[in-house]
Structure formats: C-alpha cells, structure tokens
Amino acid sequence: MATHNYKVFSCFNRKFTITEPKPPPDVQKAFSEFSDGASSMSAEHLLRFLAEHQGEVDCTVSDSEQILQQSRKEDGETGFDLHDFFHFLQENDLNVPLKSQVHHDMNAPISHYFIYTGHNSYLTGNQLSSDCSDAPIIKALQRGVRVIELDLWPNSNKDDIDVVHGRTLTTPVSLLRCLKSIKEYAFVKSQYPLVITLEDHLTPDLQAKVAKMATQVFGELLHYPQTDSLTEFPSPESLKGRILISTKPPKEFLESSEKESAEEVSSLRENADEQRTDNKSAPEYKRLITIHAGKPKGEIQDELKAAGNVRRLSLSEQALEKASESYGADVVRFTHNNILRVYPKGTRLNSSNYKPHIGWTYGAQMVAFNMQGHGKSLWYMQGMFRSNGGCGYVKKPNFLIQKGPQDEVFDPKIALPVKKTLKVKVYLGKGWSLDFSPSDFDSYSPPDFYVKVCIVGVPADMIKKKTSVISNNWFPVWNEEFDFPLTVPELALLRIEVREDDKHQKDDFGGQTCLPVSELKSGFRSVPLYDEKGDKYKSVKLLMRFQFR
C-alpha cells in the first residue's frame, strides 16, 4: 500500500491511497476448484488447470513445476497459494495470450501468406521533406517486417545510386548503406525470407551496378531464381534465410515509371529523366528478380484475369477499393496464386495509413504500410503479424486460397452465419503507476480508466464495446464481460485500448494492443499493452479471460 499526494491550487494536498487489487472471484473459484479445495496448489493441480481451463494440452509436469518455481514468492515451498497463483496469471512471460512459436504450415507457395510489408521503408517521417536513412529499415526488420521497399534513383553525379523518394525534398541515403544494414538485420527477428521491392528509376549501367552491389553485399544470402518464368512461387520454408528481389523487369520501366510517380506524388509530376529501350537492359540485374512485378497497363480487370506465369501486381488503396466494388471476385481469384501489393494513396503526405482489412479480405498478400507513422491502422497491422510466432508470414485462410464447389470465391461483403462467439472478460489493470508519473493523466487526482474492446474484421463482425469508468484508481478493477459473435473469425482482430476519462478535453491514451482472434489462447491471460507507436510498456498490462463458444 502506498499514497500519492496531489497539490490543488498550491493551497492544499489531496491524498490518495494506492492498493493493489485482490484476486477476482473467478480466479478464486478456479484456484479452489483445481487445488481440490486445498490452500496450496501442487504441480499436478497446476497441470490440470493448464490443460482443462487454459487449453494448454501440451504442457507437462515438468512445465508446471518450472512455473511453480518461477512464480512462488517464498522459496522452499512445494506448491503455491492463491496469491502466488494470482501472481502467475499476471506474468507476461508465463501466461501469454498468443502462441509464441511458428505453427502454420510454411511449405505452401508464398502467395498463400499475408506478408508483413513496408512502404517507402527508408523514410524517417513524412513523404515530402523527411530524411532518408537506414534507421527505419533496421527498426522495421527488428519488428519482423519481411518486405522492405527501396526507391532507387541516380545520384547528383549520375554515377551512383541513391535511395530517396524521387521528386521531393527528402534527403537521400546511399543504396550501399541500406544494403549493408539489411544484411546485418535481415534475420534478427525471423528466419523466413526477406523480400526487397525495388522501385527502379535507373539507367541500364546503374542497374548493372545495383546487381553487382547486391551480389557482393548479400553473397550466399541472395536467392537467384532458376528460371525467368514461375508457374508457382516457392515456399517460405524453402527460402529460409534468403533475400529475394522483386521489381519490374527492366523493359517495363518506361511503361510504368511516370504513372507510378504521378500516383504517389501527384502534385510533383515531372517527365521521367531516364529513357530506356528493350535492347539496353542489364541482364545481370534482370537475373536477380525472383518476383516479377508490374502495374496495370490497361484495365485492371483485364490484368487480374490475365493467365500465364505468377507475378506481383501493385495497386493503390483507391484502385483496390474501386476494383473490389466492381469485380471483387476477380481480385480474390488473382490472389490465389499471384501476389497483390497494395500501397497508400499519394495524398498521405504525413505517412498515415489506410485500413489493412481492405486488402486482407480480398487476399492481398503485401499490404504495404508506412511503418514510421502511428495510429489505429498501424496497430491492426502489428496485431495481424503477432500471429504465427511473429515470423512475418501468416497463412491465409483456405477460403482465400481455394475455390468453392461451384467455382465461387470468398466475398467479404456477404453476411455469413455466425461461426463462433468470442467471450472477453476484462478483470483489472496495473502498471501505470510504474510507467507514468503521478500527474501524467490528471494533475489533481489518480486516473479514471476505462477499456475499449472492439472487433476489426469483415463488415459483419465489426463491433465496439467499452467498460465503465473506474475513477481515481491506478489499479482499476472492472470485472466486465462482452460477447462478440463472429462470422469470419479467421480475419478478426481483437482491439483493446485503455483510455483515461477527461471531462474537459480528449480522453488521454493509456495503452493498446491488437490480438488476432484465431491465435488467442483461452482462459485467464496477462495482456501486455503498447504505446501509440507500438512499443511495449514495461509494466502496463490487463488481466483478461478469453472463451470461445
């Protein structure tokens, strides 16, 4: 027990006692049930609790004994009491809400996966005037991003390559520096393949220089395709520890570069500086390309229906929205075997992002995001890729890979029957008194917290709920439960956000997380919260319970 003093108008103090909460009734009931009414829980009791209540069917007696040792407050005891049990339930490392290992089938073609994808990965801030650097690339790789985008332009002397957002006021960074950083950090978070998408604005001699540079820097890490034309993409498992290049074959430069620049920065349109013909392309550069890329040369629908070798197609967020409205089935069919990349519209000059479900529900594998921004859309992206052990590859549901018995494909606009109901109970929260100063939320009293609990997914599943406000308490206790009926749980994210109620201005932010519903572990879970940029707080967490019906 502790106290916080708040000075009001420099005249008098308000004193508030801070008391950590006791185990909720549900926790007490579970302890009594699984300890067979005893005052202490043995390793065998804990193992039964883990298997039957938490769904941890793979746990062993050795696992439960290790948990006892790590969670007990008093050394020398053989079991743990109710308070030890309560302490264990709030341990982020021991009672996580998601599976922490890679567990999806990684032997399917990479077109069968959602892939953690960055947009203009080298930018430190806005799209017009921020610095270009390898620092955001490093940070993205440390977070598990698996697709890094680099814009390549000739330097001022036309004899080397800069990475820069062309025709803007952004300051360049050298390609060599970016490649060296990519090599160093490519596999610190995930061993699955890293794709580098190149937006190429280079002459053939500089393309050849890029090829030489990439070959020398990456060495054996660089994957060379065995054929110019693929009928099926290789699997993430077969490409473990390898770096892949994805870009337009050189001959397609003139057809797409002007259009692409106009889409990304419409207010700064200029004629392309480079002129290239088919017989002047660099063969050593073309040899590096594993995933052939392009943009629609005519009607998007014709491009989506085109047969032949597998490839990557890039669409802006507006183009995808238009395509999904008019011929969504063609979009889904295209993504069964080909890769669709979606990128932010050119007016997002502040590096904001769009709603990623626009892409995911139509099978788009590479939903490209400005990772240097923040906000709900980026939280959704971070939440989706907490799936599958955070490896950056999430297996798409079968209905986004296969046709139905009548040759039909998934349509996210059609309301389907409820497949399962997620029951979420919010018990309590803690850690703000450690990670924040006493006056961060309110100058004159402890915070007034409440929790928003929402589902983000297909339109039929979108639901928003929130708890009551707990006033003047650093350790709020809610004990409130919500039901979420889900028609497509495979694409649903559970968004959790804590806010501090403010009667006079916008409610203060108190932490957030997004959790993929398909990966949620059942039972009592400790749920760590993150700041607005997606960095985990040291201490802030919620105790929650998840159940499926």
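This is a predicted model: local features need pLDDT of at least 70, side-chain atom pairs count only at pLDDT 80 or more; totals for chains, interfaces and linings use all residues.
## Ground rules

Local features here need pLDDT of at least 70, side-chain atom pairs count only at pLDDT 80 or more, and totals for chains, interfaces and linings use all residues. Residues are numbered from 1 along each chain as its sequence is written, and side-chain values use heavy atoms, leaving out hydrogens and water.

## Nonpolar cores

A nonpolar core is a set of buried Ala, Val, Leu, Ile, Met, Phe, Trp, Tyr and Cys residues joined through side-chain atoms within 4.5 Å; buried means under 20% relative accessible area with a 1.4 Å probe, protein chains only. The largest such core has 111 residues, and Leu150, Leu422, Trp432, Phe484 and Leu494 touch the most other members. Apart from this core lies another, of 20 residues, including Met41 and Tyr427.

Leucine 150 has contacts (heavy atoms within 4.5 Å) with residues including Tyr122, Ile137 and Val163, not counting residues up to four places away in sequence.

## Cysteines

How many disulfides does the structure hold? There are zero, a disulfide being a pair of cysteine sulfur atoms within 2.5 Å. The closest cysteine sulfur to that of cysteine 178 belongs to cysteine 132, and at 8.3 Å it is too far for a bond. Cysteine 178 is buried, at 0% relative accessible area.

Cysteine 454 is also in no disulfide, with the nearest cysteine sulfur, in cysteine 514, 8.8 Å away. Cysteine 454 counts as buried too, at 4% relative accessibility.

Key
Buried means under 20% relative accessible area, exposed over 50%, partly exposed in between (1.4 Å probe, protein chains only).
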